[in-house]
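Here is a short tour of a predicted model. Have the sequence and the 3D view open as you read.

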Amino acid sequence: MTEPTHDSSGDGEHGMSRRRLMRHSAWFGGAVILTVTGGEVISHIPGSTDPTPAGSADLRFVQISDSHIGFHGPANLNVAGTFAAAINQVNALGFRPDFVMHSGDLTHLSTPAQFDQVKQMLSQLRTDRIFTVPGEHDSIGDNGRAYRKAFAKNTLGDGWYSFDTHGVHFIALVNTLHLEQLGHLGSDQIDFVRKDIAGLSSDTPIVVFSHIPLFAMYPKWGWGTDDAVQVLSMLRRFSSVTCLNGHVHQLFTKTEGNITFHSAAPTCYPFPKPGQGPGPIPQVLPAGRLKDALGIRTVNYRQGSHALAVKDEKLT
């Protein structure tokens, strides 16, 4: 299900020159939808009155995150139900995504039964390809072996990989193993990235998936990756780098030079804002408010002379 796929279709790396890069992001109840049209990364907003026009050369994909299948607690008494709602919402977008990426913590306790349930639910997505990266909850007790058996066939190392489609280069990283407090990539994975991008033109759009943020969102709670700077420094030469992560159970956007970071909303339950409370623990909301917390938040982001726009919608 998560095998890396190489696709030679699209414009190719050299087709990106002379094109302005426009980056937006849109969040829909734990989903971010980015559209690549003719080398431009732009957003698509389900339900918007001004949807992004689509053509045969477009790439449209969806990110979902932090389903925590197997969680039992008052913060969400039915995580499978809200995950199913997110899947239904993806299927109701009005287009068939080129692929769907789950950015980690598919399960809560890494049991075979939980992985099997996630696989069955993901199979209901109307897309040809599904990719995943593991969260720390997907490696409890076995250093990620059950996750890799279920979701990471034909990947490298501890489950990292890359692929190309529609002229965009995607890198899927694993920063949830070998944890101290922060996420950690390790020298082997950093060397993989170095070799992986060595032959790419600097105007190739790069999208990086990881579970834990690559930027220092709130290190006190483990919301950062201690050796990410080594990877980010290698990505500075590219005109457009978009990093998509989960883990923090809330929407957050940050731009550093050519790199924009987007933390995804979960499909399970929210965490408090950084530093507001004793730690990243599931928040119990008043009855009937959970979907509001998981609800839609869209961010249309443009660099340079382009405008910034934000739109929020509830998880349906």
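## A buried threonine

Let's begin with Thr-107, which is buried, its relative accessible area being 0%. Here buried means under 20% relative accessible area, exposed over 50%, and partly exposed in between, with a 1.4 Å probe and protein chains only. You will find Thr-107 in the loop between strand S5 (99–102) and helix H2. Helices (H or I, at least four residues) and strands (E, at least two) are DSSP runs, numbered from the N terminus.

What is Thr-107 in contact with, leaving aside its neighbours within four places in sequence? The partners are His-68, Ile-69, Gln-114, Phe-115, Val-118, His-137 and Asp-138, where contact means heavy atoms within 4.5 Å. Ser-139 lies 32 residues from Thr-107 along the chain, and their C-alpha atoms are separated by 9.3 Å.

## Two sides of helix H2

Helix H2 spans residues 112–122, and its buried residues are Gln-114, Phe-115, Val-118, Met-121 and Leu-122. Looking down the axis of H2, these buried residues fall within an arc of 125 degrees, so they line one face of the helix. The arc is taken from the directions from the helix axis to the C-beta atoms. As a general point, an α-helix has 3.6 residues a turn, so residues three or four places apart point the same way.

Pro-112 and Ala-113, on the other side of H2, are exposed. The buried residues of H2 pack against strand S4 (59–64), helix H1 (79–91), strand S6 (130–132) and helix H3 (145–151).

## H1 alongside H2

The axes of H1 and H2 come within 10 Å and cross at roughly 25 degrees. That makes H1 roughly parallel to H2, since angles under 35 degrees count as roughly parallel, over 145 as roughly antiparallel, 65 to 115 as roughly perpendicular and the rest as oblique. Axes are lines fitted to C-alpha atoms, for helices over the stretch in contact, with angles running from 0 to 180 degrees between N-to-C directions.

Which residues meet here? Ala-80, Phe-83, Ala-84 and Ile-87 come from H1, and Gln-117, Met-121 and Leu-122 from H2.

## The whole chain

The protein chain has six helices and 14 strands. Of its 316 residues, 59% are buried.

## About the values

Residues are numbered from 1 along each chain as its sequence is written, and side-chain values use heavy atoms, leaving out hydrogens and water. In this predicted model, local features need pLDDT of at least 70 and side-chain atom pairs count only at pLDDT 80 or more, while totals for chains, interfaces and linings use all residues.
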